[in-house]
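Q: Can you take me through the aromatic packing in this one? Start with whatever terms I need.

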Amino acid sequence: MSVRTCTIGVHGRNDEKFEEEDFQIIREAGLESIKMMSHTDRATFSRIKQENPAIQIITRLHSGGFGTGGHPTPGSYVGEVAPHIQRLQGLCEWFHIHNEPNHAGRIEGWGSTDADAHDFNQWYLAVLTALRGLFPWAKFIFP
């Protein structure tokens, strides 16, 4: 007997709203997980849960202030993403902090050096600590 260790999932549309075709795919493909964006409206999250109440939603916490070699402070990032987490309570409990910090082009604020990794780790731990304090019900994952 084998034990399954992964789920069938997709990255959802990077938009505020989904199209009817998106919901049809969720229904017909038997998706078990979907990665969403924090700027997507709450109604879309609700509809996804209507289509599949058991689906696991992981929301990427998007924030401005990232660019080539630059990033927001942990406090600024938390201040920007906290309203999204609060808005999604009851629909999503898994949140993905940031995205691609080791991007070769440094477009996400850091790069691929050991110094970048160390700096990102410090930033990430400060963000994680603050978010856990604000949202003890939420689960946070590493990008």
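A: Buried means under 20% relative accessible area, exposed over 50%, and partly exposed in between, with a 1.4 Å probe and protein chains only. This is a predicted model, where local features need pLDDT of at least 70, side-chain atom pairs count only at pLDDT 80 or more, and totals for chains, interfaces and linings use all residues. Residues are numbered from 1 along each chain as its sequence is written, and side-chain values use heavy atoms, with hydrogens and water left out.

Q: Tyr 124, buried or exposed?

A: Tyr 124 counts as buried, at 6% relative accessibility.

Q: And Phe 142?

A: Phe 142 has 48% relative accessibility, so it counts as partly exposed.

Q: Which aromatic cluster are they in?

A: One formed by Phe 66, Tyr 77, Trp 110, Phe 120, Trp 123, Tyr 124 and Phe 142. Rings of Phe, Tyr and Trp (its six-membered ring) pair if their centres lie within 6.5 Å; planes under 30 degrees apart are stacked, over 60 edge-to-face, the rest tilted.

Q: How many aromatic pairs by that rule?

A: The count is 14. In one of them, Phe 66 and Tyr 77 have ring centres 6.0 Å apart and planes at 75 degrees, so they are edge-to-face. Both residues are buried.

Q: Switching topic: what does Ile 48 touch?

A: Leaving out residues up to four places away in sequence, Ile 48 touches Phe 18, Phe 23, Ile 26, Ile 34, Met 36, Ile 55 and Ile 57. Contact means heavy atoms within 4.5 Å.
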